[in-house]
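This report describes the packing of nonpolar residues and the pairing of charged side chains in one protein model. The sequence and structure come first, and the description follows.

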Amino acid sequence: MAYSKKQVLEAYEKAKDLQEKLNAVITFVDPQEPLERLPSEGKLLSMPIAIKDNVNTKGIYTTAGSRILENYVPIYNATIVEKLNQAGAVTIAKASMDELAMGGTNLSSFIGPAHNPWDTSRITGGSSGGSAALVAAGIVPMAIGSDTGDSVRKPASYCGVIGVKPTYGRISRYGIIPYASSLDHVGYFTRNIQNAALTLEVLSGRDEKDMTSGFEPVDDYCAYVGKDIQGKKIAILGNVYHHIQDKRINHLFDKIVDGLKEKGAVVEMIELDETLMAAIYPSYMIIANCEATSNHSNLDGIRYGCRQEGDHMEEIMINTRTRGFGTKIRKRFVIGSYGLQDENQERVFRKAQRVRRQIVDMWKKALQDYDAIIAPSAGTIAPKIEEVDNINPLSDAYLISENYMAIANFSGTPSMTQPMGFVDGMPVGINLNTDIWQEGVMFQIGAAIEEVTGLKDSYVEVK
């Protein structure tokens, strides 16, 4: 459907009106001028959208949520921005994010925390939390994010929207400020599966500017929405299901499973190697932070970044990075630097890579036998902001159930979170995974889940 100029302007004003409550926007983008130069037609014609602030937008501040980039104005657009413009989408905001996309809470942005629209005392999840909040609050029907570990899919769960991470290479990353190059994916949020499929049609395709982008032809993803799932084989990831502490979440999940069976799907429980499942998070933290340390070595005030003065080059770099980076990000750089030291590479970084390969082999083998693998996308509702620091990600309760979705980043396979229901008035989600390039099947089964839950186009009026 095409949107009207009035709807775009209303979305822009609503985003500004709710900024004090949500703090979901880093830079507002006046839509007046883009509305005057819209194409005559496009799949997203006049759709108001938000873009995560690590996506380069020509002439518009792109800070990646970090003070070190607070004055950065790109001179070019990311490939996906060009595609969105050609499709007629209108950007109204650059969305808040964890600093340099390195986090899962959206508390580390230099503008302060983003707030969950369902309960502003709670987190959105991260690192794409600002984008998730803007969709969940009914401000925009679609927003761009990025996903390195679960940075689209976990905020989607916490905010009650759809979060899509497609196959590695399905969407060009040219012009995206990186976190970890072997794990980074462009992702996005919508409120219904139809828009999720349509958005992927717009964003997908080979890009010669990104050597990691794939050659696989762009599918007609919308054609899969509404197709029956009779005979589809779906596996429940038992390792996650059995680690969920709040059984109300399992109860909601069980109702979806029953609905899928009624639609003709064959649903079975599987158990993967528990030791490898428990190794996902520590392996991810090593690989991601080592790659991030390398990717961001140019942010030193000499080659790049807001320069802080000093008496010599080393002092300039120290002052720039001390002021420019938040405490949590500096800790991640310490981990990455340690893993990249010559004496540590083999026993830390290379070992993590070898473990990753074993995890990927296990995952791909499981996907050979099933059309999809599903599990609850989180073991809890969104935590209160003040409770986050008390959570131990390595505890038995959290290690697998809260961190397993990085397996799709390790493997590059498509993964999507969508609303499953509510616990204590807060949304919880279900995560759906398919084999590489099988996004169409993912949307086919996702549309069936959407029918079972009845949560299509749901959002919340922020109080």
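## Salt bridges and cores

Glu-201 is buried, with a relative accessible area of 13%. The model that gives this value is a predicted one. The side chain of Glu-201 meets that of Lys-43 in a salt bridge, at 2.7 Å from N to O. Lys-43 lies in the loop between helix H3 (32-36) and strand E2 (48-52), while Glu-201 belongs to helix H7 (residues 193-203), so the pair ties together parts that are 158 residues apart in sequence. Lys-43 is partly exposed, with a relative accessible area of 44%.

One joins the side chains of Lys-14 and Glu-461, at 3.9 Å from N to O. Lys-14 lies in helix H1 and Glu-461 in the segment after helix H16 (439-453), so this pair ties together parts that are 447 residues apart in sequence. Lys-14 is partly exposed, at a relative accessible area of 23%.

The other joins Glu-10 and Lys-6, whose side chains meet at 3.9 Å from N to O. Both residues sit in helix H1 (residues 5-17), four residues apart, which is about one turn of the helix. Glu-10 is partly exposed, with a relative accessible area of 43%, and Lys-6 is exposed, with 57%.

| Pair | N to O distance |
|---|---|
| Lys-43 and Glu-201 | 2.7 Å |
| Lys-14 and Glu-461 | 3.9 Å |
| Glu-10 and Lys-6 | 3.9 Å |

How many salt bridges does a search of the whole structure find? The search finds 20. Salt bridges also link Asp-119, Arg-122 and Lys-384 in a network.

The nonpolar residues come next. The largest nonpolar core has 116 residues, and those with the most contacts inside it are Ile-80, Leu-84, Ile-144, Tyr-188, Leu-260, Met-277 and Phe-443. Which helix gives the most to this core? Helix H14 (residues 345-368) does, with nine residues. Apart from this core lies another, of 29 residues, with Ala-11, Ala-50, Ala-156 and Phe-189 among them.

Phe-443, one of the residues with the most contacts inside the largest core, touches Val-164, Tyr-188, Ile-193, Ala-196, Ala-197, Leu-200, Tyr-221, Val-225 and Met-416, when residues up to four places away in sequence are not counted. Among these partners, Tyr-188 is likewise listed with the most contacts inside the core.

Definitions and conventions: Residues numbered from 1 in each chain as written. Predicted model: local features only at pLDDT ≥ 70, side-chain atom pairs only at ≥ 80, totals over all residues. Heavy atoms only, no water. Core = buried A, V, L, I, M, F, W, Y, C linked by side-chain atoms within 4.5 Å. Buried < 20%, exposed > 50% of the residue type's maximum accessible area, 1.4 Å probe, protein only. Helix = DSSP H or I, 4+ residues; strand = E, 2+ residues; numbered from the N terminus. Contact = heavy atoms within 4.5 Å. Salt bridge = Lys/Arg side-chain N within 4 Å of Asp/Glu carboxyl O.
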